[in-house]
Amino acid sequence: METKSNKGLPCSRRFFLKGLGAAGLSGALATLSGCKDAGKPSGGEGWTPQQYNAPGSWPVQVRGRVPIDPANPSIVRDDRKCILCGQCAEACERVQSVEGFYGLPIKNDITCVNCGQCALWCPTGAIGERDDIARVLRVIGDAKLHVIVQTAPATRIAIGEEFGMPAGSIVEGKMVAALKMLGFDRVFDTNFSADLTIMEEGTELIGRIKAAGGQHDGEGHAPTALPQFTSCSPGWVKFCEYFYPDLLEHMSTCKSPQQMLGSVAKTYYAKKKGIDPKQIVSVSIMPCTAKKFEASRGEMNSAGALAGNPELRDVDFVLTTRELARMIKGKGIDLANLAPQPYDSLMGEGTGAAVIFAATGGVMEAAVRSGYYLLTGQNPPDALLNLTAVRGLQGVKEASLEVPGFGELRVAVASGLGNARQLLDQIRADKQAGLPPRYHFVEFMACPGGCISGGGQPKTSVPPGDWVRKERIRSIYAIDATIYKKRLSHENKEVMDLYAEYLGQPNGELAHRLLHTTYTDRSGSLTAKNKA
């Protein structure tokens with residue numbers, strides 16, 4: 001029941017929560033004091049005064065929130081919906097180990113790895129992705145532009161949930177059909193560039209291993225530090241840049257599959273089709289809010305730099321799975337009843353090794369498959385096509401395998417940045433102690449479970465539930481094992497054609513210019529602290 005103070009201010013819980021969301025914590029406290037003592041400092045008599053007289057004893061229903069920069073390229077908050085329940089802070093601190101792991105005051109930015117897990121945990125929808133739908137629809141409507149789109153592996157087993165389909169429903173062909181109905185000129189598969197990533201990353205790994213044994217391939221840009229870290233997850237990359245810049249030499253120089261396809265689209269594809277790269281608009285559909293940040297990074301302009309036009313971006317727009325669902329619904333398209341259509345050729349072929357990138361351990365498993373081939377010249381045995389030791393939702397996993405002519409290959413996998421922190425602390429300690437590396441290759445994914453539970457995926461449960469993750473992962477491995485005919489990245493014909501017709505050799509000079517990148521030490525932006 002709503003009451004009125006002597007100053008005419010409503011003192012209901014609704015008003016209290018609205019005040020917290022609109023004005024922030026300090027503003028709401030001042031508002032509360034007006035219930036009986038308007039104009040006086042907070043701490044006077046009023047609605048549940050013990051709450052603001054003892055700031056350290058807030059009830060669980062009102063626990064604060066994470067800070068979000070208004071200019072954040074990935075996520076935004078609608079203060080009108082925020083109830084200060086603390087779920088975003090819970091995810092950021094206890095799952096991702098970001099919030100609370102740096103000292104205050106902040107320095108020159110609001111520390112954020114852009115992963116969007118706060119959006120998945122938010123029960124009111126106050127936090128969501130920065131919406132780019134209107135801008136994408138605008139370029140689609142411009143007849144002078146050639147608009148291409150790529151779809152990440154994890155989108156095809158999640159978007160159906162937005163249309164009432166069971167968790168993990170495989171809707172690859174229906175999603176392609178919907179994208180063509182929306183007006184995209186070409187629909188490509190990020191699986192293509194995931195296979196391309198494996199070729200580059202696997203070649204890089206072998207170069208590092210040979211360098212550790214005293215062999216060198218003659219390439220001046222070849223990194224040497226072991227273990228090699230994967231670089232597909234932009235939230236993980238930024239986390240490492242913030243908290244572990246001393247370990248950046250271990251990061252693979254490979255761009256993510258999203259950025260590789262964007263770069264190739266405005267060079268190889270443009271040349272093959274006779275299209276001016278300036279007329280190509282590159283859009284990606286991703287499970288990940290951090291991909292919006294990644295596309296905006298200054299160094300992600302390789303195609304433009306090669307063409308002498310550094311303002312040209314490799315990827316122009318990133319939409320999350322949720323944004324694509326809203327786009328489809330906005331056009332009145334019934335996704336569930338569409339007839340499946342195939343991806344377009346040239347950059348549309350993918351293998352089972354590529355599709356499992358969506359699950360934690362998938363990049364590692366795909367790399368092991370082709371790494372075995374690159375080391376031995378032979379395809380891996382069937383046992384390596386089902387590397388169960390790196391599968392599943394366990395936060396940190398380890399595996400080792402014998403490779404003929406090489407010996408033991410040791411790998412590790414971590415998903416969720418809190419789990420990554422544990423593994424990184426171990427690697428850092430070993431390195432400082434002068435111990436040999438425990439692993440040759442380590443896969444890191446920012447989000448628990450990998451891309452299948454990315455910050456831009458459907459909110460089928462709040463907070464995200466393992467039952468949803470398991471259904472999506474089950475579908476990913478079903479695609480690999482039973483739907484795709486090829487399960488090895490080096491068997492992707494379109495990738496091999498790209499090397500033969502344009503790039504030359506994996507990790508060669510042109511491949512390095514277009515498909516590899518550099519990183520930034522962001523440790524100066526915060527004062528790191530360890531809460532272990």
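Okay, a quick definition before anything else: a residue counts as buried when its relative accessible area is under 20%. Keep that cut-off in your heads, and remember that what we're looking at is a predicted model.

How many salt bridges does the structure hold overall? The count is 38. I'll pick out two others.

One is Glu204 with Arg208, where the closest N and O atoms are 2.9 Å apart. They both sit in helix α7, residues 190-212, and because they're four residues apart there, about one helical turn separates them. Glu204 comes out at 2% relative accessibility, so it's buried. Arg208 is at 0%, so that's buried as well.

The other is Arg469 with Asp466, at 2.7 Å from N to O. Here the helix is α16, residues 466-483, and the two are three residues apart, so again about one helical turn.

We have an open sheet of four strands, in the order β4-β3-β6-β7, with parallel pairing. Which strands stand at the edges? Those are β4 (186-189) and β7 (317-320); each has a single partner strand, so one side of each has no neighbour in the sheet. On average, neighbouring strands here are turned by 25 degrees against each other, if you ignore direction.

Further in, β3 (residues 146-151) and β6 (residues 280-286) run parallel and are joined by six bridges. If you want to find your way around, look for Thr151, which stands opposite Ile285 in β6.

Helices pack here too. Helix α5, residues 133-140, packs on the sheet and touches β3, β6 and β7, with its direction at about 125 degrees to that of β7. Then there's α7, the helix with the Glu204 and Arg208 pair: α7 lies across β3, β4 and β6, and runs at about 40 degrees to β4.

Now the rings. A search of the whole structure turns up eight aromatic pairs. Take Phe188 and Tyr269: their ring centres are 5.2 Å apart and the planes are at 75 degrees, so this pair is edge-to-face. Phe188 is in strand β4 and Tyr269 in helix α9 (residues 257-273), so we're linking distant parts of the chain, 81 residues apart. Both Phe188 and Tyr269 are buried.

Last stop: Gln96, in the loop between α3 (87-95) and α4 (117-121). With 0% relative accessibility, Gln96 is buried. A polar atom of the Gln96 side chain lies 2.9 Å from the backbone oxygen of Ala446. Beyond its sequence neighbours, Gln96 also contacts residues including Cys115, Phe239 and Pro448. And Phe239 belongs to a cluster linked by ring pairs, along with Tyr242, Phe243 and Tyr244.

Conventions: Residues are numbered from 1 along each chain as its sequence is written. This is a predicted model: local features need pLDDT of at least 70, side-chain atom pairs count only at pLDDT 80 or more; totals for chains, interfaces and linings use all residues. Side-chain values use heavy atoms; hydrogens and water are left out. A salt bridge is a side-chain nitrogen of Lys or Arg within 4 Å of a carboxyl oxygen of Asp or Glu. Buried means under 20% relative accessible area, exposed over 50%, partly exposed in between (1.4 Å probe, protein chains only). A polar contact is a pair of N or O atoms within 3.5 Å; within protein, one must be able to donate a hydrogen and the other to accept it, and residues adjacent in sequence count only if both atoms are side-chain atoms. Contact means heavy atoms within 4.5 Å. Two strands pair if DSSP finds at least two bridges between them. Axes are lines fitted to C-alpha atoms, for helices over the stretch in contact, and angles run from 0 to 180 degrees between N-to-C directions. Rings of Phe, Tyr and Trp (its six-membered ring) pair if their centres lie within 6.5 Å; planes under 30 degrees apart count as stacked, over 60 as edge-to-face and the rest as tilted. Lists of a residue's contacts leave out its neighbours within four places in sequence.
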